[in-house]
Amino acid sequence: MGSLAVVVLLLAVMVLSAAGVIARNWSEEVGVSYAPPKWFASTTQDTQTQEEQAVRKLDDYGIPDPIGPELAEINARLTGGGGPQARASTLPLGGDKWGRDVLRKVLKGTEVSLFVGITAACLTALLGTLFGALAGYFGGWVDDAFNWIYSVFTSIPYLLLVLAIAAVLGHKGIATVILILGFTGWTGIFRLVRAEYLKHKVREYVLAADAVGASDMRRMFVHILPNVSHVVLVQLSLHVVLFIKSEVILSFLGFGVGVETVSWGSMLAEAPSELILGMWWQIAAATAAMALAVTAFSLFTDAVRDALDPRLQ
Amino acid sequence: MSVLAVRDLEVKFGGFEAVKRISFEIPEQGTLALVGESGSGKSITALSIVGLLPGNATVGGEISFLGRRIKPSEVRGAQISMVFQEPMSSLNPVFSVGFQIGEVLREHRGLSRREARARTADLLEEVGLARERIDAYPFQLSGGQQQRVMIAMAIACEPKLLIADEPTSALDVTVQRQILELIAALQARRRMAMLFITHDLGLVGRVAERVAVMRAGEIREQGPVAEVLAAPRDSYTRMLLDSRPRGIREPAKGDTEVIVEARGLAKRFDDFEAVKGASFSLARGRTLGLVGESGSGKTTLGLLLARLQRASGGELRFHGRDAAALPPLEFKRRMQIVFQNPYASLNPRFSVGATLTEPLRIHAIGGGEAERREIAAGLLVKVGLTREALFKYPHEFSGGQRQRIAIARALALGPEVLICDEAVSALDVSIQAQLLNLLRSLQDEYSMSYLFISHDLAVVKAMADEVMVMKDGEIVEQGTTAELYANPKHPYTRRLLSAAA
């Protein structure tokens, strides 16, 4: 039940964020650079202010800025005469290098990461189940053909394959990431579903369906599929998790989402340089969100599997 | 002094009483047969004697072995040993049989590897296997040979008491007989007492002096075998005895039209010939019995007849026309099949209503969904269930009820021919009798023809007008039931009949 609530909450965040209700202005620079989290700043006020002063000193080299007044005037005119916005010194979950709110970034990142993870996992499950069902059920040359494709896909090193598809698709963005993950990820599900179909197609209930005249398609998808769906569901949740992580890798390598958007992956990609400076809150926020989502999804799929099985009711 | 004395034994799993205060004794070198249907608590009784009950069981009462009271958690492998029903799943497939028998000797007797090996070879010889079999793996042995290995393992430590839990139920009749003879010989030679657990009252007279009949955790009746079998005092024992199929089917009068005719029907899997040229014919309202041991090809022949597998040779004629020329759907409407395992033949994800309306929908029988539902409800009533069953799922029913549902599904299309592939073999004998009666009355009502496949000679004798005997893919003998049972010609038929007698 708890996992259901968390999953619903995450999906709500995803939808609201996509609809622009929350975290629309995630890219606004609302705080000072590396603004610490509020509660953290209050307990370690002294060290923080010292660090900030140290940063300022480095900034102005002790020389008065010759074009300072002019620059301030231009800035004021560009922002509509309101003068430079007051930047907050602390933010709920801290800020990043440009002073963007980590909380908003996490919310926006939830939208992107979950969308990529869920859509790519669904695409994968669809391809894997369809291919696996055809290969396992019909056997013979159909099975040979799919096994050949399977072997080709699994024989190429994963990252190389991903990069090759990324290069072919060219365009950088969420849709590309989903297609890359979908086209490379189906092999595992294919193998499992094929094995399940091999096992089930000779079961007596399938023979009995054949005896009453059920067509091949009906036997494959109405009779057998519900009986192997637990395998697909478990794989689906595992792949959501896997693809959230893969998106991180792709974004880190520069093949993922672009700079105009944010995901947990791109947040984590900023982490190495921050950690050296002791700014841990961005990676902490992104990791916590990811851990929550991954755990919730795993528990949720377990519950779905149990709920769909009439034997356990 | 008795070897084993059980007094007021009680086994509970949570609130469920599996065994309710039962008492019995086994004298030295004596044999007690514990008889009961599935779920009667007979295996639980055996497990509580050897201390192998699962951890969630609570045990009450007293078990004394050789005059000494034993604790329920004590595992007693050296003095009491056990032979189980399924030799295939009781043996570890990755170790040789010699290693597995030797392990018992090394563990309990502290023998060295070399000594254990020599002793193992002797044991194999004693149970009727060649000494060279010591290095064989379980998959290289037949079911009967595997059971011999299990027996060798059980007697390795010279136990005082042997518990045999359905040791022959998974075996063919001819093998069954050999194993029973082996057990009896070993028991006499080694002066063991035995607790023989079985569901088959027919075996009891052959192996035991005393019998205890169990039902729902209670012993309903116990006494000397001859007395109990001849004059049962308990109503349940009487019912069990009456349920055993007996008698012979009344010969049908007159000739009816031939519906199915097979000529040289054959099936080959790669280089294995499962069915070698079977020829027979089946007339309206008649039952053709098909008897054979496991692996004889009788199920494959049934599937060929239903055209669920493509024949690799021969011809199947339906009403005088080539069956292959008929539209597949029409053929299937007129030819239905009931499978052996009621747990596997119903889709667990389909409600009973969905299972029964599916054939109607596929064949466009009935005006709409509501009408089909009515037809399905009528079928359920016909096979002895209520219409409430429509909304339930298969797992909510017992084995016998599920088989009724499977029969209802086959009836839905109003077939002319019904193939019963071991349709009652997985069921308890009392349920079996009910289903055989149901099948008979349905046959009279719809004048259906049955191909009745079974390994059980008594069932076939009671059901069939004509009988075919199959061995290694070949029909070795066929004839009318009366003729074949009274006067078997083929040596294999003779062996089968004498083993089952």
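Which pattern does chain A follow, read along the sequence? Chain A reads α-α-α-α-α-α-α-α-α-α-α-α, with 12 helices and 0 strands. Helices here are DSSP runs of H or I of at least four residues, and strands are runs of E of at least two, both numbered from the N terminus.

Before I continue, a note on conventions. This is a predicted model, in which local features need pLDDT of at least 70 and side-chain atom pairs count only at pLDDT 80 or more, while totals for chains, interfaces and linings use all residues. Residues are numbered from 1 along each chain as its sequence is written, and chains are lettered from A and ligands numbered from 1 in the order in which they are written.

Of the 313 residues in chain A, 36% are buried; a residue is buried if 20 or more other C-beta atoms, placed from the backbone, lie within 10 Å of its own.

Chain B comes to 18 helices and 20 strands. Of its 501 residues, 43% count as buried. A compact globule with 501 residues would have a radius of gyration near 23 Å, and the 25 Å of chain B agrees with that; the radius is taken over C-alpha atoms, and the globule rule is 2.2 Å times the number of residues to the power 0.38. The C-alpha atoms of chain B fill a box of roughly 70 × 50 × 45 Å along the principal axes.

I turn to the sheet in chain B. Six strands form an open sheet in the order β6-β7-β8-β3-β9-β10, with mixed pairing; two strands pair if DSSP finds at least two bridges between them. β6 (80-83) and β10 (218-224) of chain B each have a single partner strand, so one side of each is left without a neighbour in the sheet. β6(B) and β7 (residues 161-165) of chain B run parallel and are joined by 4 bridges. B:Met82 stands opposite B:Ile163 in β7(B).

Finally, the nonpolar cores, which are sets of buried Ala, Val, Leu, Ile, Met, Phe, Trp, Tyr and Cys residues joined through C-beta atoms within 7 Å. The largest has 134 residues, and among the members touching the most others are B:Leu290, B:Cys420 and B:Phe452. Helix α5 (residues 102-138) of chain A supplies the largest share of this core, 14 residues. Apart from it lies another core of 65 residues, including B:Val97 and B:Ile179.

Conventions. A residue is buried if 20 or more other C-beta atoms lie within 10 Å of its own, exposed if 12 or fewer, and partly exposed in between; C-beta atoms are placed from the backbone.
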